Amino acid sequence: MTSDRPTMIEFRDVHKYYGDYHALRGINGEIRAGEFFSLLGPSGCGKTTLLRTIAGFEDISSGAVLIDGKDMANVPANARPTNMVFQSYAIFPHMSVAENVGFGLRKDPRPKPEKARAVEEALEMVGLKGFGNRAAHALSGGQRQRVALARALILKPKVLLLDEPLSALDKKMREHMQVELIKLQRQVGITFILVTHDQEEALVMSDRIAVMFEGEITQLADPETLYRRPNSKKVADFIGTMNFIPATILSENGDTAEIEAKGLGRVALDISAAPPGKGEAPVVGLRPETLTLLYDDQKAPERETDGVIDEVIYFGDMTYYDVYLGGTDVEVRLSMRNVPGRPVLEVGTKVRVAWSPSALVLFR
Amino acid sequence: MNKAGGLRLYAIIYLIFLYAPIILLPMFAFNNSKVIAFPLSGFTTEWFSQMWADVQLFRSLKNSMIVSVSTAILATTLGIFAARASTRYAFPGKAGIMGLVMLPLVLPEMIVAMSLLVVLLAIGVPLSIFTIILGHVLICTPFAVAILSSAFQSLDRSLEEAAYDLGETPLSTFRLIVLPLVMPGIISSLLICFTISLDEFIIAYFLGGTETPLSAYIYGQFRFPARVPAMLALGTILVGVSVLLLALAEYFRRRGIAKTGGKDTGGFL
């Protein structure tokens with residue numbers, strides 16, 4: 001856990017306007033030292049803008065950005081203890097790999113051989129040992145990415161900023177680099193801040209995630225909390241898949257509420273951790289993997305509901321079923337692992353669906 | 001004859017029409033006759049030695065070199081500023097200002113030459129090589145801006161940000177990153193401005209005063225039929241030098257692209 005670590009970056013009511021456009025609308029929050037932190041959101045939500053205010057590429061309209069306790073208001077980008085890995089990698093095409101990686105050492109007073117050794121070490125760290133003399137433009141996408149990482153890390157910044165660094169790679173390479181980045185971050189212990197629109201990537205890589213919509217941080221939490229206890233329908237919908245089922249609140253008493261969810265029936269819910277009410281029509285959210293199809297004479301550990309399969313989506317290791325619940329028009333998606341002895345069912349099959357009240361999230 | 005054949009014939013006639021007059025230049029430069037007419041009467045290098053002995057010609061050549069080199073450097077420098085500003089910054093009246101910068105491209109040179117002459121005489125600036133340079137910078141700058149804008153446009157902005165992020169100042173970023181990457185554009189601009197200035201006639205003739213550059217001098221010599229073969233010899237040398245310069249420029253352009261791993265989208269050769 002990273003909760004006991006000191007604060008590395010602090011946002012105090014940060015606003016950013018581009019003319020009339022309000023790009024950042026009062027950002028507050030802290031990023032801790034040594035944390036792998038992600039800014040996650042759809043395009044245009046302000047996540048890249050926020051990252052660039054840390055780097056110093058964007059001035060803020062009001063508020064403050066503090067790095068390691070120091071207000072960055074009058075500190076230009078070239079004097080901040082941050083380095084950035086750009087989305088396009090921004091590898092200098094007219095230089096060799098070693099010249100790229102050593103670029104930040106130009107003003108370093110150390111003698112040349114020592115700098116060359118530092119470059120070689122940085123290249124080794126990212127798995128590009130012996131690539132120093134290659135021309136930068138002759139590298140593959142994944143190699144460019146590594147050069148960009150080595151170039152940023154050689155200056156030993158307090159914070160490494162990563163602007164969608166994996167979006168240009170193909171799926172296999174991306175998944176490989178995700179793991180590499182996590183390992184690298186543990187090895188160097190530097191605070192990593194990643195901007196991404198890929199919720200899966202954020203969940204895999206981060207200690208904590210700030211989910212942003214329309215210039216605001218909607219929820220800031222660790223991946224598990226975000227996934228299991230999203231604080232709004234927007235977050236729930238953005239991260240993974242969530243079934244929303246209309247409900248009515250029958251009674252509410254402190255930490256518990258009695259609700260009637262369409263297709264599921266009456267349920268008593270613990271709402272002590274539920275997101276605060278926004279005055280919306282109540283719905284309950286359910287993740288696909290919290291619903292299970294019951295085979296043969298299996299019994300549900302908690303609750304069960306009848307259903308009819310409407311759609312079957314086969315994924316190899318998994319099958320997704322869209323199921324109408326309890327003779328209603330409420331359709332939910334559920335996922336089942338394809339294990340031996342558990343055949344893939346056909347459309348129209350009448351099924352029993354097991355679920356657990358504790359997996360329900362109430363939005364209202 | 002099929003359609004492709006017809007087009008091929010058209011292309012061949014077109015090329016003959018374009019280049020035949022230039023081939024006539026060396027033919028008559030080596031022809032042993034003062035009369036420029038067929039049939040050729042024999043081989044001689046007399047016109048070249050006559051040209052070589054012409055002191056006045058070397059004076060104009062020197063003038064032309066001063067004018068064209070200065071024009072190329074000044075116009076390209078101004079072009080760098082303008083291209084950088086137009087591709088990187090937003091400022092009020094940008095479209096109008098860029099329009100005014102590019103206007104001499106379509107303005108008849110006649111008008112530029114006349115109005116400059118009137119203004120210079122009115123404010124009492126004596127006509128000299130300097131006034132020619134002034135006029136040439138005016139007409140060459142739009143070409144420089146056009147060439148350099150495309151060079152600056154293709155520059156990824158995050159390259160500059162990366163250098164800045166790695167501790168460089170805006171000035172050293174420009175020197176270490178921007179300048180080397182737009183260098184092919186700068187060289188193209190220098191060469192094209194040089195060429196335009198070298199063979200420009202109207203402004204050179206109007207604003208030249210007593211110091212005539214090469215173009216005005218050649219025009220003057222054509223009034224004496226006896227001098228024409230020597231001028232053809234000069235023309236032959238100029239064609240040779242132009243081909244050499246263009247080939248050199250193209251070589252550097254291709255090498256620049258190969259070095260940065262870019263895709264060759266075709267230059268001027």
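Strand β11 (residues 243-253) and strand β14 (residues 283-286) of chain A pair in the antiparallel sense over four bridges, where strands are DSSP runs of E of at least two residues, helices are runs of H or I of at least four, both numbered from the N terminus, and pairing requires at least two DSSP bridges between two strands. Within β14(A), Gly285(A) is the residue that stands opposite Phe244(A). Both strands belong to an open sheet of five strands in chain A, ordered β13-β12-β11-β14-β20 with antiparallel pairing, in which β13 (265-270) and β20 (361-363) are the edge strands, each pairing on one side only.

The model is predicted, with local features requiring pLDDT of at least 70 and side-chain atom pairs counted only at pLDDT 80 or more, whereas totals for chains, interfaces and linings use all residues. Residues are numbered from 1 along each chain as its sequence is written, and chains are lettered from A and ligands numbered from 1 in the order in which they are written.

Between the chains, 17 residues of chain B are in contact with 19 residues of chain A, contact being defined by C-beta atoms, placed from the backbone, that lie within 7 Å. On the side of chain B that touches chain A, the elements giving two or more residues are α7 (157-165), α8 (170-199) and α11 (228-260) of chain B, and α7(B) gives the most, with six residues.

Leaving aside neighbours within four places in sequence, Ile193(A) is in contact with residues including Ile31(A), Phe37(A), Leu39(A) and Val159(A).

Terms used:
Contact = placed C-beta atoms within 7 Å.
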